[in-house]
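Have a look at the fold first, then read on.

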Amino acid sequence: MKLTFLIALLAASPVWGQSDDSTAAPVIPAKSNFRSSLIMEPGFAYAVTHLPAMQRYFRDNQVKVDKSLDRMALAAFAYRRQRFKMTLQAFFGIDKSLLPPDKKGTSLFARSQSVSGLTFLLGYDVANTRNKRVFINAGLGSINYEYSLFRPSSQVVSFQNILQYTPPASVPSLKQTTGFWDVNVEVAQREKRPNTFQWVSRVGYRRSFQRTPWHSEAYQLVDAPQERLGQFYFQVGLYIARNYRARHKP
């Protein structure tokens, strides 16, 4: 009797009572099939900016330049349908630390004053796997890149007279505003549920369409060097996505 009761107890246990295909529902969902997604993305980027004409001018005139990478915050909105994606992305420069000032006050410094831009991208998912998507994105945009030149000085100036004081060799703004083409490779986590948070990263390159002259908000520049900007960048962001399945016809 005891043996019969023990066998009945084991048969009723939840573990023993599972079906043979119980492993068909893993913790990680199977490859999802969401038809479309609305995406918002905050992110951060590092960029190496190549400005050959201005860099040559700085070098010829013994101007010291902060050579650290450009750091940018970015915000993007995107819409994906099947394997195609449209993205509108804005980026804004984060202030960089200045070089240590020259104690003698004789060196002229160039500081990246601001970086900002807007890009429209079209992308295609070339590697659609269970856990990730790999997009090739290409598009167009515009960028504004600005330098300021100054010479550190130990001269004491009264704040009441600061508007009458003009330090030598000071240029408050040198600006480059231009359009560009942009190509990047994007790797993103694949959406698994209707509402998801997904890490995304990109490596890309953008370059001006043509050479455009530098200009200034403080002066009417004549014979300014013409520049064609090039920029390699690495971006990391967080997709905040709302995902939609295809509607089934009744």
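Let's start with strand β2 (residues 63-65), which pairs with strand β5 (residues 108-128) in the parallel sense over three bridges. Strands pair here if DSSP finds at least two bridges between them, and elements are DSSP runs numbered from the N terminus: helices are H or I with at least four residues, strands are E with at least two. Keep in mind that this is a predicted model, where local features need pLDDT of at least 70, side-chain atom pairs count only at pLDDT 80 or more, and totals for chains, interfaces and linings use all residues. Residues are numbered from 1 along each chain as its sequence is written, and side-chain values use heavy atoms, leaving out hydrogens and water.

**Strands around β5**

- Strand β6 (residues 132-150) runs antiparallel to β5, and 18 bridges join the two.
- Getting from β5 to β6 takes a hairpin of three residues.
- Strand β4 (residues 84-94) pairs with β5 too, in the antiparallel sense over nine bridges.
- One spot to check in that pairing is M86, which has L122 as its bridge partner in β5.

**The largest pocket**

- A pocket is an open set of points on a 1 Å grid over the protein atoms alone, where a 1.4 Å probe fits and protein lies on both sides within 12 Å along at least five of seven lines; lining residues have an atom within 4 Å of a point.
- The largest pocket holds about 390 Å³ of space, with volume meaning the space filled by probe spheres set on the points, which are joined across faces, edges and corners.
- Its lining has 21 residues, and Q55, V65, D66, K67 and Y147 lie nearest the centre.
- Two or more lining residues come from each of β1 (36-50), α2 (52-60), β2, β5 and β6.
- By class, this lining has ten nonpolar, four polar and seven charged residues.
- Nonpolar means Ala, Val, Leu, Ile, Met, Phe, Trp, Tyr, Cys and Pro; charged means Asp, Glu, Lys and Arg; the others, Gly among them, are polar.

**The second largest pocket**

- About 180 Å³ of space lies in the second largest pocket.
- Its lining includes M54, Y57, L149 and W214.
- β7 (171-189) and α2 each supply at least two lining residues, and β7 gives the largest share, with three.
- Here the lining has ten nonpolar, two polar and no charged residues.
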